[in-house]
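Hi everyone, thanks for coming. I'll take you through one structure today, starting with a sheet and then moving on to some charged pairs. Have a look at it first.

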Amino acid sequence: MSEAEADKGRVDGDGTGAVAGGPGRTARARRPRIAAAVAAAVLFASVAAVLALTTPWNPLPGHVPGGGVKADPALDFPPAEISRSRAFDSAVNPPAYTGLLAGLALILVLGLTPLGARFIGWVTARTRRRPLTIIVAATALTTLLRLAGLPFRIWSESVLRRYGLSTQGWPAWLVDQLKSLGVTWVVSTVALLLLYALIRRFPRYWWAGAAAGGFVLVVLVSFIYPVAVEPVFNRFHSLPQGRLRGDLLAMAKRDGVPVEDVLVADASRRTTSLNAYVSGFGSTRRIVLYDTLLKSPRPQIESIVGHELGHAKRDDVLWGTLVGALGIAGALCLLYPLMTSPRLLRRAGVDPGGAPPDAPGGRGTRGAADPRSIALLLALVTAGTQLAAPVQNLVSRRIEARADAHALNLTRDPSTFVSMQRTLSVRNISDLSPDVMEYLLWMTHPSGPDRIAMARDWARMNHTEVPPPLR
Ligand SMILES: [Zn+2]
């Protein structure tokens, strides 16, 4: 949120604007940049206010008799499990961190030096039509970034395999990577074609259109995701008729959450880990169980579905989508002063005053409208996404804890909840005591011991038997 503030200074510093000329033209160039920065600040401030007011900072409201208990893995996990979790953690961290750093370094070098513009100029040297230039630039850049990340993903996957979490052969894994790249191609190409059409058509006010369009696009993608993207990676079928299905639908009804179907994903083709999730909203909303979960005892499955019903009841997906879309609208406004900054454009090897018509990839377009600025754009988007991740994770963990509280209120069975959380942590080899960096960068959920501690607090608050240590 402070990015907007920092940038206002930059707008004044770069006040010469994209258009060279007399003082009148300078003021004319400065005006939309100030307007865009103010719009970004207002949107970021709204997101901050909405998050501050609506995030369940205390998911278990009320007084815990005797005070809340602290998470302690040693209570429920034997030393062998704790050391296995530690060993797995130190095996997956190196590829995760080095992959993240290498990816960031590559896109920042491409976007903040002329290398990215040169690369785009080279791959689009033979394309004559502008939309084709943008399509080729987008697919080439995203492919290059994916290829650079490939060794780190192979490294991660081999760790998962070593620990028995992955059930895939390398050919199937590679097909997944290609599918995922295909989805990235489609999304980035559509977004960039729309954005660069706006930049070209409305050089001074494209940020307003981009913010509105970005908002709509994020909501649309989140809505169609369960029916358009998830089937690319998994097959789904309805949970078959029987006692489990009947019990789960009855529980949803009792909870006042209209659920017509519970879907099962063929996750076992890829992993041994246990999971369930809610995606989509409105007519695409679905509760999905991993098929790996179906062998668990029925009360444990009910405990998990109780958590998912908590998400459904609070419309967490829709709410998260709307807040995220607002943040992205703010980021798109902020892009304007950055993408019209002569200093940044020159740094990125893009002529801020207009490239000569015969320059490679230039086609006579100026500044941000030059498709070679796509590398700078991706660098800024990546940096923004990375800066937003800790905030997203912080809010997500609170929302997940609220869904846990919902499951406890619904099933009133903290003992099953605790044993389920323990099973989840052991089967998925979860990090039992994440460090600060892991919380900031990766932890979208509270840790297993955190969730177990909350269930014990719930039991004390509701004067039911406190689940004893499982060791
Ligand atoms: Zn959840």
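Okay, let's start with strands β3 and β4 (residues 286–290): they run antiparallel, and 4 bridges join them. Before I go on, this is a predicted model, where local features need pLDDT of at least 70 and side-chain atom pairs count only at pLDDT 80 or more, while totals for chains, interfaces and linings use all residues. Residues are numbered from 1 along each chain as its sequence is written, and side-chain values use heavy atoms, with hydrogens and water left out.

When I say helix or strand, I mean a DSSP run, numbered from the N terminus: H or I with at least four residues for helices, E with at least two for strands. Two strands pair if DSSP finds at least two bridges between them. As a reminder, strands of a sheet pair through backbone hydrogen bonds, either parallel or antiparallel.

Now zoom out. The open sheet has 4 strands in the order β1-β2-β4-β3, and the pairing is mixed. Which strands stand at the edges? They are β1 (236–238) and β3 (276–279), and each has a single partner strand, so one side of each has no neighbour in the sheet. From one strand to the next, the twist averages 30°.

Across β3 and β4 lies helix α11, at about 20° to β3. Contact here means heavy atoms within 4.5 Å. For angles, axes are lines fitted to C-alpha atoms, for helices over the stretch in contact, and the angles run from 0 to 180 degrees between N-to-C directions.

On to the charges. How many salt bridges does the structure hold? There are 13, counting a side-chain nitrogen of Lys or Arg within 4 Å of a carboxyl oxygen of Asp or Glu.

Aspartate 247 meets arginine 298 in one of them, at 3.9 Å, N to O. Aspartate 247 sits in α10 and arginine 298 in α11 (residues 298–313), so this pair ties together parts 51 residues apart in sequence. Aspartate 247 also bridges to arginine 243, at 3.8 Å. Those two both lie in α10 (residues 243–255), about one turn of the helix apart.

Buried or exposed? Arginine 243 is exposed at 60% relative accessibility, while aspartate 247 is partly exposed at 26%. The cut-offs are under 20% relative accessible area for buried, over 50% for exposed, and partly exposed in between, with a 1.4 Å probe and protein chains only.
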